[in-house]
Amino acid sequence: LLKELSKKSWKPYPIVLSGNTDCYQPIEKKYKITRKLLKILLKHKHPVSIITKNSLILRDLDIIKELAEHNLIHVAISVTTLNEKLRRVMEPRTASAKQRLKVIETLSENDVPVMAMTAPIIPGLNDVEIPKLLKAVSNAGALTAAYTMVRLNGALPVIFTNWIRNNFPERADKVLNKIKSVHGGKLNDSDFGRRMIGDGPIAEQVRQLFEVSFKRYFKNPKLPAYDLSQFIKPSDKGQLSIF
């Protein structure tokens with residue numbers, strides 16, 4: 001990270017931690033890689049965005065709070081269901097819904113700008129929870145919220161199909177058919193304009209349900225702007241003098 005930030009061509013722009021996998025998964029407790037990254041980003045006043053579904057993020061509240069004081073961080077907490085039975089089989093080894101709401105509340109109380117990601121929405125499985133989810137995250141202090149539709153690329157169609165048939169055999173076909181209906185008849189979808197929110201009647205029902213609920217529970221939805229002017233290159237003379 002320091003090497004990248006030191007490049008002459010580098011310009012400050014929010015780095016996203018957890019774009020592909022959770023940066024606060026259990027192994028982070030041992031290796032503290034995310035914490036080390038956040039220390040570097042704070043030291044050099046570089047903007048960062050965190051997406052997580054784990055309460056381990058509160059371990060780093062000291063750094064996150066200071067980043068927030070400089071308008072250098074946004075945090076997105078993923079809350080996919082309030083049903084603990086569903087959460088345990090869908091997202092094992094992650095924080096419970098109650099814990100995630102507590103994370104949102106704690107971050108908010110410490111003036112850290114936080115949003116909720118009700119994602120992924122799986123039609124026929126957790127889409128009916130959208131109103132309850134948005135009410136809960138709003139009450140916990142989230143400034144705004146967003147959602148994405150489930151999409152199954154690569155090996156995921158086989159993995160997900162086996163999972164849904166093993167855990168919810170009575171509704172497996174219904175869920176699989178609904179997913180296909182929002183992605184042009186396929187479980188996997190790479191279409192740029194459709195892959196995140198889907199298309200068709202079911203996708204439209206989800207969109208409308210989210211929008212109605214969002215307007216009800218979020219009156220002034222907005223995250224503060226990042227301050228990109230504070231960035232200190234590791235190679236700057238002022239920074240080198242510290243050493």
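A search of the whole structure finds 13 salt bridges, a salt bridge being a side-chain nitrogen of Lys or Arg within 4 Å of a carboxyl oxygen of Asp or Glu. The structure is a predicted model, in which local features need pLDDT of at least 70 and side-chain atom pairs count only at pLDDT 80 or more, whereas totals for chains, interfaces and linings use all residues. Residues are numbered from 1 along each chain as its sequence is written, and side-chain values use heavy atoms, with hydrogens and water left out.

**Confidence**

- The mean pLDDT of the chain is 94, and 97% of its residues reach 70 or more; pLDDT is the predictor's confidence in each residue, from 0 to 100.
- Over residues 238-243 the pLDDT is below 50, and this stretch has 8 contacts in the model beyond near neighbours in sequence, where contact means heavy atoms within 4.5 Å.
- Where pLDDT is low, the predicted coordinates should not be read in detail.

**Salt bridges around Asp60**

- Asp60 lies in the loop between S2 and H4, with helices (H or I, at least four residues) and strands (E, at least two) taken as DSSP runs and numbered from the N terminus.
- The side chains of Asp60 and Arg35 form a salt bridge with an N to O distance of 2.7 Å.
- Arg35 belongs to helix H3 (residues 33-43), while Asp60 sits in the loop between strand S2 (48-52) and helix H4 (61-69), so the pair ties together parts that are 25 residues apart in sequence.
- Both partners are buried, which means under 20% relative accessible area, with exposed being over 50% and partly exposed in between (1.4 Å probe, protein chains only); for Asp60 the relative accessibility is 0%.
- A network of salt bridges links Glu28, Arg35, Arg59, Asp60 and Asp62.
- When residues up to four places away in sequence are not counted, Asp60 touches Tyr24, Arg35 and Leu38.

**Two further salt bridges**

- Glu91 and Arg100 meet through their side chains in a salt bridge of 2.7 Å, N to O; Glu91 is buried at a relative accessible area of 6%, and Arg100 is buried at 3%.
- Glu105 and Lys102 meet in a salt bridge of 3.9 Å, N to O, and both lie in helix H6 (residues 97-109), 3 residues apart, about one turn of the helix.
- Glu105 is partly exposed at 32% relative accessibility, and Lys102 is partly exposed with a relative accessible area of 44%.

**Strand S4 and its partners**

- Of the 8 residues of strand S4 (residues 114-121), 7 are buried, so S4 is largely enclosed by the rest of the structure.
- Strand S3 (residues 73-78) runs parallel to S4 and is joined to S4 by 4 bridges, two strands being paired if DSSP finds at least two bridges between them.
- S4 also pairs with strand S5 (residues 144-149) in the parallel sense, over 5 bridges.
- Met115 of S4 is the bridge partner of Ala76, and in S5 the bridge partner of Met115 is Thr144.
- From S4 the chain crosses through helix H7 (residues 130-140) to S5, in a β-α-β crossover that is right-handed; right-handed here means that, with the strands pointing away from the viewer, the path from the first strand over the helix to the second runs clockwise.

- Ala140 is found in helix H7 and is buried, with a relative accessible area of 12%.
- The C-alpha atoms of Ala140 and Glu105 are separated by 4.8 Å, although the two residues are 35 residues apart along the chain.
- Leaving aside neighbours within four places in sequence, Ala140 is in contact with Leu101, Ile104, Glu105 and Ser108.

**Nonpolar cores**

- The largest nonpolar core has 46 residues, and those with the most contacts inside it are Leu38, Ile50, Ile64 and Val75; such a core is a set of buried Ala, Val, Leu, Ile, Met, Phe, Trp, Tyr and Cys residues joined through side-chain atoms within 4.5 Å.
- Helix H7 gives the largest share of this core, 6 residues.
- A second, separate core of 15 residues includes Leu86, Leu152, Ala172 and Leu176.

**Arg195**

- Arg195 is found in the loop between helix H9 (172-182) and helix H10 (201-217), and is partly exposed with a relative accessible area of 23%.
- Not counting residues up to four places away in sequence, Arg195 touches Met149, Arg151, His183, Asp189 and Ser190.
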